[in-house]
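I set down each item as I looked it up.

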Amino acid sequence: MKEVFLPGNLEELWRALEREPAPRPYCGGTDLLVHLRSGKTDPDALVCLERIPELSGVREEEGGLWIGAATTHARLLDDPLVRARLPLLARALSTLGSPPVRNMGTIGGNICTASPAGDTLPPLYALDGEVELRSRDSSRRMPLRRFITGPGETALRPDEILAGVRVTPDGTYNVHHFEKIGIRRAMACSIASLAALLRVSSSGEIEAARLAWGSVGPTVVVSGEAEQALLGKRLTRDVLEDAAERARKAVSPIDDVRASAAYRREVSGNLLLRLMEHRPL
Amino acid sequence: MIIGFTLNGKKATVDTRPDRRVVDVLREDFGLTGVKEGCGTGECGACTVLVDGEPRLGCLMLAVQMEGRDLVTIEGLAPEGGLHPLQEAFLECGAVQCGFCTPGMVLAGSALLKRKASPGRAEIREAISGHLCRCTGYQKIVDAVETAAARGGKKEETE
């Protein structure tokens, strides 16, 4: 039998994490329980983070938003601050799993699972999200891009938990685009996805671009080359084709049960062509 | 450990291992076999339980997480001896074939109708998108939720 701790505040959490062997933290369980069942993971003990008020909710802070790690996807989708200030994240959340999965799964779980197919990750990379890591005695921050070190791997220390993620949206971006390729609309693990933020001037010139792809590399893929190819240009087919070619070079996809590497490479570029729909009229 | 919660409107306690899945506790210890296990991995929605009014999956929740929560299974949705309006609509519309997905579908539909009294078909499809019907009888299920919604206002007034 595994012990399962259900701390109701941070003090109880720290006490649970000090036990030997240290219990493995989880929150919504939408990933962990699947792996427990298959035997892929078998920790001696677990600690569930769902009841800790300090890890939940959304608030305005330092000009941006702080999102508690234990906030469910459904709460975020309903949150007026998220809807108004992080439409890119909201779009990605609306494609994540299914309603019951969104009622259970949390943004912190999506980050710590560190799957290349995690749906919240491309938007959080494009938005330059920063994680807040806490232990009983320490609190540190780092860019999400540094926190995720490989598929399923993060810089989290054993005594730490992910407390939240901080995002400071740049209100000057006027194109917020997310698209996920999957086999169906619900419960689809992403084959490839693109999160894009653009600032397009009233005369149609692209002044700034942030692009991040999911499921086409060991972690989320960003491409300065593809972003550069857009700057100072217009959202025409030729410009996007050029950026798409660079994107196809930047990604490093694999073959798996969902799609071939070649398909993923092709579609990583093609996803950019959709940005034409955001041309100013 | 002893876990206390509300189950279908009544106080309940169970003395069990904290690492058992909710679907197993409800089926085996409480005999609530309306909570079905289809896939065991969160893909099919057959094990749906309302937790504090929200559809969640009994196969992805551990027993300890029931502590202090309000759980409603299909067995507790309707008033004693009667049917929930959505269950009536399922019967009328022929929305039940083999029945395996029905508890999850009805619970998901009832949660949607609580959130939104008159959802459109697209919203209904979205609300049941985490539920697989192996008989593929989706149209009738959407019809049933729509039918119950159309009647919703009047029913509530007479209650």
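Entry 1: the end of a sheet in chain A. I began with A:Trp213, which stands opposite A:Val221 in strand E14 of chain A. I note here that the model is predicted. I then looked up the pairing to which these two residues belong: E13(A) and strand E14 (residues 221–222) are antiparallel and joined by 2 bridges. The hairpin formed by E13(A) and E14(A) has 6 residues between its strands, and in it A:Ser215 takes a positive phi near 65°.

Entry 2: the neighbouring pair. Strand E12 (residues 192–200) of chain A runs antiparallel to strand E13 (residues 206–214) of chain A, with 8 bridges between them. I found A:Ala195 opposite A:Ala212 in E13(A). E12(A) and E13(A) also form a hairpin, in this case with 5 residues between the strands. In its turn, A:Gly204 has a positive phi of about 95°.

Entry 3: the domains of chain A. I recorded three of them: domain 1 (3–48), domain 2 (53–167) and domain 3 (175–278). For domain 2 and domain 3 of chain A, the C-alpha centres lie 22 Å apart. Their contact takes 19 residues from domain 2 of chain A and 23 residues from domain 3 of chain A. On the domain 2 side, at least two residues each come from helix H5 (87–94), helix H8 (121–126) and strand E8 (148–150) of chain A. H8(A) gives the most to that side, with 5 residues. By class, I noted 12 nonpolar, 5 polar and 2 charged residues on the side of domain 2 of chain A that touches domain 3 of chain A.

Entry 4: the nonpolar core. Which residues have the most contacts inside the largest nonpolar core? They are A:Cys48, A:Leu88, A:Ala126, A:Val165 and B:Val145, in a core of 133 residues. Apart from neighbours within four places in sequence, A:Leu88 is in contact with A:Pro123, A:Ala126, A:Leu127, A:His176, A:Phe178, A:Ala195 and A:Leu197. As background, I note that nonpolar side chains tend to be buried together in soluble globular proteins.

Entry 5: the contact between the chains. I looked up how many residues each chain brings: 24 from chain B and 21 from chain A. E4(B) gives the most to the chain B side, with 4 residues. The residues on the side of chain B that touches chain A divide into 10 nonpolar, 8 polar and 6 charged.

Entry 6: the domains of chain B. I recorded domain 1 (2–76) and domain 2 (85–158). The C-alpha centres of these two domains of chain B are 21 Å apart. The contact between them takes 13 residues from domain 1 of chain B and 12 residues from domain 2 of chain B. Strand E3 (48–51) and strand E4 (54–57) of chain B each supply at least two residues of the domain 1 side. That side of domain 1 of chain B divides into 6 nonpolar, 5 polar and 2 charged residues.

Entry 7: In helix H1 (residues 22–29), I found B:Val22, B:Val23, B:Val25 and B:Leu26 buried. The buried residues of H1(B) pack against strand E2 (10–15) and E3 of chain B. After H1(B) comes B:Gly31, with a positive phi near 65°.

Helix H3 (residues 102–115) of chain B has 14 residues and reaches 20 Å from its first C-alpha to its last, close to the 20 Å expected at 1.5 Å a residue. Among the buried residues of H3(B) are B:Met105, B:Val106, B:Leu107, B:Leu112 and B:Leu113.

Definitions and conventions:
Residues numbered from 1 in each chain as written. Chains lettered and ligands numbered in written order. Predicted model: local features only at pLDDT ≥ 70, side-chain atom pairs only at ≥ 80, totals over all residues. Domains from an automatic or database assignment. Contact = placed C-beta atoms within 7 Å. Nonpolar A, V, L, I, M, F, W, Y, C, P; charged D, E, K, R; others polar. Core = buried A, V, L, I, M, F, W, Y, C linked by C-beta atoms within 7 Å. Buried ≥ 20, exposed ≤ 12 C-beta atoms within 10 Å, placed from the backbone. Expected span 1.5 Å × (residues − 1). Pairing = 2+ DSSP bridges.
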